[in-house]
Amino acid sequence: MPELPEVETTVRGLERVLKGRRIEHIEARRPDLRRALPPDLGQRLTGARVTSLGRRAKYGLIDTDRGDTLVFHLGMSGHWRIDPSETAKHDHFIIQTNEGRRLALNDARRFGSLDLVRTDDLEEWPQFAALGPEPLDLDARELKRRLVGRTAPIKLLLLDQHIVAGLGNIYVCEALYRAGIHPKRAGGSISLARLKKLVPAIHDVLAEAIAAGGSTLRDFASPGGELGYFPKSFAVYDREGKPCGCGGVVRRIVQGGRSTFYCPSCQR
Ligand SMILES: [Zn+2]
């Protein structure tokens with residue numbers, strides 16, 4: 001499942017092909033993904049020039065000179081293919097640029113989405129209106145303020161999009177491990193001093209993954225390149241029963257229906 005670093009890597013890869021280019025043609029090969037595609041997608045995008053690309057939480061943003069933003073979400077299985085040699089089964093949406101480059105959004109499970117939002121209205125768009133700050137913009141005092149009085153486990157609070165946006169299961173596990181914070185600890189009980197370790201840990205795990213993704217981007221110059229997925233290694237995530245560097249053993253528990261991996265010796 002694509003997490004924030006995969007989305008960021010995808011956006012950077014798309015930027016190379018789309019930024020400053022005109023959209024010559026689009027093809028919506030089905031009427032919906034997770035929800036219906038905008039019916040006027042073709043009319044509003046065809047002929048528009050892409051002015052910039054960006055990301056909010058796990059959404060990718062493609063801005064055009066007509067004041068529209070094409071907002072995509074990769075869901076569980078989505079990815080963009082660059083210059084595919086032929087159209088594949090799950091290529092649901094295709095963009096062709098004035099340079100003849102082709103981008104195909106492929107999503108076998110169709111949990112992703114495509115929306116067209118007026119760029120000026122993005123902050124008030126329902127999917128964005130209630131989102132917390134970007135994890136890379138978060139600071140410890142802001143997080144402390146957001147956790148005040150909260151008795152839920154810190155693991156679950158960090159996955160709450162209203163508290164911080166776009167932080168997924170893998171990176172929450174890894175950041176809590178680096179900060180030495182037990183995933184079951186009540187969010188509101190964590191001192192500012194400890195949050196001052198946690199927030200840089202969040203920044204670092206994301207920045208390292210984004211850097212790893214960025215280093216793979218050159219491979220996408222080749223036809224059929226799939227954007228956004230890259231190998232990663234983790235200290236605790238998916239390492240149940242394996243040794244921690246401290247001599248302890250990584251454990252797995254289930255919180256909110258999802259696996260949490262942590263080291264009981266390092267995390268208190
Ligand atoms: Zn340990």
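How are the donor residues of the zinc ion spaced in sequence?

Reply: Happy to! Please keep in mind that this is a predicted model. The donor residues of the zinc ion follow the spacing C-x1-C-x16-C-x2-C. Going from sequence to atoms, the ion is coordinated through the SG atoms of Cys244, Cys246, Cys263 and Cys266, at 2.2 to 2.3 Å. The angles among these four donor atoms run from 104 to 115°, and the site is tetrahedral. Since four donors count as tetrahedral if all angles lie between 85 and 135 degrees, that range meets the criterion. For reference, the ideal angle for four tetrahedral donors is 109.5 degrees.

What about their exposure? Cys246 has a relative accessibility of 42%, so this residue counts as partly exposed. Cys266, with a value of 28%, is partly exposed as well. Both labels rest on the cut-offs, because buried means under 20% relative accessible area and exposed means over 50%.

To put the site together: four cysteine SG atoms hold the zinc ion in a tetrahedral arrangement, and two of those donors, Cys246 and Cys266, are partly exposed.

Notes: Residues numbered from 1 in each chain as written. Predicted model: local features only at pLDDT ≥ 70, side-chain atom pairs only at ≥ 80, totals over all residues. Heavy atoms only, no water. Donors = N, O, S within 2.8 Å, 3.2 Å for Na, K, Ca; no water. Tetrahedral: all angles 85-135°; square planar, octahedral: opposite > 155°, others 65-115°. Buried < 20%, exposed > 50% of the residue type's maximum accessible area, 1.4 Å probe, protein only.
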